[in-house]
Amino acid sequence: FQIDSHFRFVRGWDQLCLDQLVSCPSPRPILTAYASSYSLPKDYQAGEPDRAILATGDAVTILCADKFGDQNRDDPFLRIKTRTCRSNFNHVPPPSLLWM
């Protein structure tokens with residue numbers, strides 16, 4: 001689980017994650033996510049209390065394997081791209097093709 005200063009959270013986010021984890025049918029589930037977007041008010045000034053407005057759509061953004069870097073340049077790492085799904089999967093995490 002990686003969190004940095006660019007994330008914004010809805011109230012109760014930790015319980016939402018636990019609820020999703022319990023709803024996974026796998027005996028060894030892994031939750032991954034691509035953070036939802038947010039915007040700041042036009043009059044927001046750095047250093048003020050956070051007034052971020054979280055995106056309200058139900059669309060799920062998923063991470064997908066794209067391609068590998070150039071192995072000849074010592075860059076064999078997998079590149080990831082995102083896709084926005086047209087379904088919210090009834091709020092149950094969808095299975096991934098990257099099963100372990």
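**Legends to close-up views of the chain**

**View 1. The salt bridge of Arg79 and Asp75 in the predicted model.** Asp75 has a relative accessibility of 22% and therefore counts as partly exposed, a class that lies between buried (under 20% relative accessible area) and exposed (over 50%), with a 1.4 Å probe and protein chains only. Arg79, at 32% relative accessibility, is likewise classed as partly exposed. The two side chains meet in a salt bridge with an N to O distance of 2.4 Å. The term salt bridge denotes a side-chain nitrogen of Lys or Arg within 4 Å of a carboxyl oxygen of Asp or Glu. Residue numbers start from 1 along each chain as its sequence is written, and side-chain values use heavy atoms, with hydrogens and water left out. As the model is predicted, local features need pLDDT of at least 70 and side-chain atom pairs count only at pLDDT 80 or more, whereas totals for chains, interfaces and linings use all residues.

**View 2. The chain as a whole, with one helix and four strands.** Read from the N terminus, its elements follow the order α-β-β-β-β. Helices (H or I, at least four residues) and strands (E, at least two) are DSSP runs numbered from the N terminus. The chain has 100 residues, of which 6% count as buried. Its accessible surface comes to about 9000 Å², and carbon and sulfur atoms hold 55% of that area; such areas come from the Shrake-Rupley method with a 1.4 Å probe, and for residues only the protein chains shown count as cover. Among contacts (heavy atoms within 4.5 Å) with a separation of 6 or more, 32% link residues 24 or more positions apart. The mean pLDDT, the predictor's confidence in each residue on a scale from 0 to 100, is 79 for the chain, and 86% of the residues reach 70 or more. Confidence is highest in helix H1 (residues 13-23), at a mean of 89, and lowest in strand E2 (residues 53-54), at 79. Where pLDDT is low, predicted coordinates should not be read in detail.

**View 3. The salt bridges Arg51 to Asp43 and Asp70 to Arg73.** Five salt bridges are found in a search of the whole structure. In one of them, the side chains of Arg51 and Asp43 pair at 3.3 Å, N to O. Arg51 is partly exposed because its relative accessibility is 34%, while Asp43, at 51%, counts as exposed. The side chains of Asp70 and Arg73 form another salt bridge, at 3.7 Å, N to O. Here Asp70 has a relative accessible area of 34% and so is partly exposed, whereas Arg73, at 69%, is exposed. Side chains of opposite charge can pair when their charged atoms come close.

**View 4. Asp74 in the loop between strand E3 (61-68) and E4.** Although Asp74 is not a glycine, its phi is positive, at about 55 degrees. Asp74 is exposed, because its relative accessible area is 68%.

**View 5. A nonpolar surface patch that includes Ile3 and Phe9.** The patch is made by Ile3, Phe9, Val10, Trp13 and Leu16 and covers about 420 Å². Patches consist of residues with over 30% relative accessible area and no salt bridge, in which nonpolar side chains (Val, Leu, Ile, Met, Phe, Trp, Tyr) are joined within 5 Å and like charges within 9 Å. Ile3 is placed in the segment before H1 and is partly exposed, at 44% relative accessibility. Phe9 is also found in the segment before H1; its relative accessible area of 36% makes Phe9 partly exposed. Leaving aside residues up to four places away in sequence, Phe9 touches Ile3 and Leu54.

**View 6. Ser87 and Val60.** Ser87 belongs to the segment after strand E4 (78-84). With a relative accessibility of 33%, Ser87 counts as partly exposed. Ser87 and Val60 are 27 residues apart along the chain, and 6.9 Å separates their C-alpha atoms.

**View 7. The cysteines Cys17 and Cys24.** Cys17 is partly exposed, since its relative accessibility is 25%, whereas Cys24, at 15%, counts as buried. The whole structure contains zero disulfides, a disulfide being a pair of cysteine sulfur atoms within 2.5 Å.
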